Amino acid sequence: MFTTGSKLLIGSSALALVATLLFGILDGGLLGSVGLISATVALSVLAGINVFTRDANVGSDEVESFGGAAAASNRPGASMWPFTIGLAATTITLGLVTYTAIFVLGLILLMAGLAEWLVQAWAERASAETGHNSEVRARMLHPAEMPAGAAIGLGVVIYAFSRVMLGLPSKTSTIVAFSVVASIVLAIGSFIGSRRSISAPAMTGGFAIAAVVLVSGGAVAGLNGEREIEEHNTTAYYAAKGECGAEEISADEHASQTVAGKASSAAEIFLTETGTIEFQMPGDPSRRSDALQLPRSNPNNLLMRNESSEPRRFVIDLAEGYEGSPPRMCTQIIEEGGVQLLTVKFAVPSFAPEVEAVGGYRFTVPGVDSASLEVVVP
Amino acid sequence: MITPRRLIAAVAGAILLSSCASDAPQDTWKPAGENAQMIHDLQWPIFMVAGIVGVIVLAFIAWIVVKFRDRGQAMPEQTHGKAWLEYLFIAIPAVILTTIAIPTVGVVMALADTDDTECIINVTGQQWWWEYDYPVAADGTICGFTPSVAEASPIITSGQVVIPTGTKVLLRGTSRDVIHSYWIPRLNGKRDMVPGRVHYLRLQSDTPGIYAGQCTEFCGLSHANMRMETIALEPADFQRWLDNELEPYTAPDEGTLAAEGEATYIAQCARCHQVNGLVDDRGTDDPSDDSLVVSYPDQFVYSGAAPNLTNLMGRNTFAGATYDLLTDECRADVWEADPSEFGDRYLEGVTEDCLNEIELREWLRNSPAKKPMYADPEMLSETDGKTRGMPYLALSEDQIDQLIAYLLERK
């Protein structure tokens, strides 16, 4: 009644089901259960398909039909999938003793190889016509092969190109190289577009050469390593580290992560020409100098502006010992007319004894005695 | 027997009847202030136009379906392309959309205007409640009103925001954890509150009363329980509310259950919840004295905040406005009060007779059971052991009695 392949798959499904139940009862791990359930479902589906197609063959006891059966008339063609699975097994073994990523890669390779091999084996015996069999295989696998192949190809191109760009000696050279490559691609594209027809070998050859150049260039550049790239930390980075000394630190005021904060700040704080500190809050057009109220336990993005005629920095002392609050925060040196973003989080209210002990929360400017702004945290 | 026609009629009838709900505190079609009125005046004609277009299109489709249904006739001649018809079908929607766009942009601009603000209130969202603080202006006023105390400190409250009627209020909003969205349908549209950003929302109510709202950005397990209410009071009543909020802390009489409750509060609740002016038994009420009880919710709660309970019984909701502090009868007295009497009713606060003790007890007994709040310790690994919302405190029934007695005096 059941063919050999069906028996194998039904048995595997039953085994997976038992394993799922045992694992679920004895261990109860979510990830393992999901994996085993998936295996059970997948094997059951395969078993169902196999029962339906009857191994794509006639029964072994149907002697008369067997010799003339369509599936028996063609010998299987050469296949790269056994080799792929062997490679996958090696990769998995290698991954077990080295890196998880290699193990996962091997696992993906194994799954892909098994799927390809199974479908190919089935397709080759689907009918007596080789062309039809090939079409059947393509119909089954192309929807998976095409996007996967495109993604891998694109990934290789992007990775190799990025290695080349990062390997070039300077930022300027990357701009030049990118412009040249883009121009060449555009020129070749225009040339191909202008031709009435172009031979397939010429196209294939051209792309093959381009691929070899790109991949080998990427490999060489990757082995050489990246050029030295200067680190540009934001002002917020240095402020959070509490580096408030007299030395000037080069912070990148234009770093992208500060854009959101600048676009919607809790308040703007000004060091005026007369040496006082004023503030302005959203929704209130007036500039005030009495007391700035900011919420507690919330990152407050503050725009610190230096309207004085000398480079200055703002400093604020915070209560020590609470999470999210370094004892002192400050901006870096702000040039005349400059602006920096400072993100301050107050862990305790300003009426707490430990804050009262340091004179409350207060923005000051070293070297400018008159510059002081009280901050009230309710 | 249920036929498709009867089923369609039943569904249509149910939809029609649902629009007749009388108890619909979040009805966008009942504006109660200038901003909501602007939205209403815009959406009503647009809804009409959309409805008419919808009816015409549906009727046309129905006519085509009936007239050209398959009756075994021969396939008619197939044609393609009729330039004047295609231009017409482009022109009609373009004209309609342009007509809608002009007033829409005008209303959007008007709702974004902050120049005419008369009162500023800060609002901060966190899982799953709203905190409000009233900043003190440079001239010492709060929300445009002069407090009776000499040096006013900022007022901080939660669940219910109290505003004066006829006043252009500007909410400055942000969030401490994830994105929330603030919406009081009868007073204005929605506004997302994004961590690290400050957003504006205008509120204005012409009539005293309670205006209910709901967080409208999915923000986690108890998103559906993250409610808010706006309380609009006549200016004189608002002044009374303001002065009451700034009253100094009054300790319970010694030897009372409430006094025991104060000690229980300090031991069990004060690490996260602040009661302004509360001192422990070591010292005085001098603010510089280290006996002042200060909460440190940032060490225990993921959002870094817990509701300030200084005047809890001055509000009439708790747990992020999820539950009422008033019994159903007393709640109805406040909600259904005549506008001229609303202020008095609201400012009575919660009395012992009106306290919804059953739900408050349930909350104190096991709050995560009352409002889902990631109480499972295994789920706290991503928050370094900090809770989202109020944890289970294993309070005894005696402690709950004491706490309720103490909290009843917080108004």
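Colleague: Which domains does the domain assignment of chain A give?

Modeller: This is a predicted model. For chain A, the assignment gives domain 1 (4-151), domain 2 (153-224) and domain 3 (235-376). The centres of domain 1 of chain A and domain 2 of chain A, taken over C-alpha atoms, are separated by 37 Å.

Colleague: Turning to chain B, which way do the residues of S2(B) point?

Modeller: The general idea is that side chains in a regular strand alternate between the two faces of the sheet. In S2(B), Trp129(B), Glu131(B) and Asp133(B) point one way, while Trp130(B), Tyr132(B) and Tyr134(B) point the other way.

Colleague: Why is strand S2 (residues 129-134) of chain B described as largely enclosed?

Modeller: A residue is counted as buried if 20 or more other C-beta atoms lie within 10 Å of its own. Six of the six residues of S2(B) are buried, so the rest of the structure largely encloses this strand.

Colleague: In which sense does S2(B) pair with strand S1 (residues 119-126) of chain B, and over how many bridges?

Modeller: S1(B) and S2(B) pair in the antiparallel sense, over five bridges. A hairpin of two residues joins S1(B) to S2(B), and Gln126(B) stands opposite Trp129(B). S2(B) also pairs with strand S3 (residues 155-158) of chain B, in the antiparallel sense over four bridges; here Asp133(B) stands opposite Ile156(B).

Colleague: Where is Leu187(B) placed, and is Leu187(B) buried or exposed?

Modeller: Leu187(B) lies in the loop between strand S6 (180-182) and strand S7 (191-193) of chain B. Leu187(B) counts as buried because it has 26 C-beta neighbours inside 10 Å.

Colleague: Which residues does Leu187(B) touch, not counting those up to four places away in sequence?

Modeller: Among them are Ala32(B), Asn35(B), Leu203(B), Tyr211(B) and Thr230(B).

Definitions and conventions:
Residues numbered from 1 in each chain as written. Chains lettered and ligands numbered in written order. Predicted model: local features only at pLDDT ≥ 70, side-chain atom pairs only at ≥ 80, totals over all residues. Domains from an automatic or database assignment. Buried ≥ 20, exposed ≤ 12 C-beta atoms within 10 Å, placed from the backbone. Pairing = 2+ DSSP bridges. Contact = placed C-beta atoms within 7 Å.
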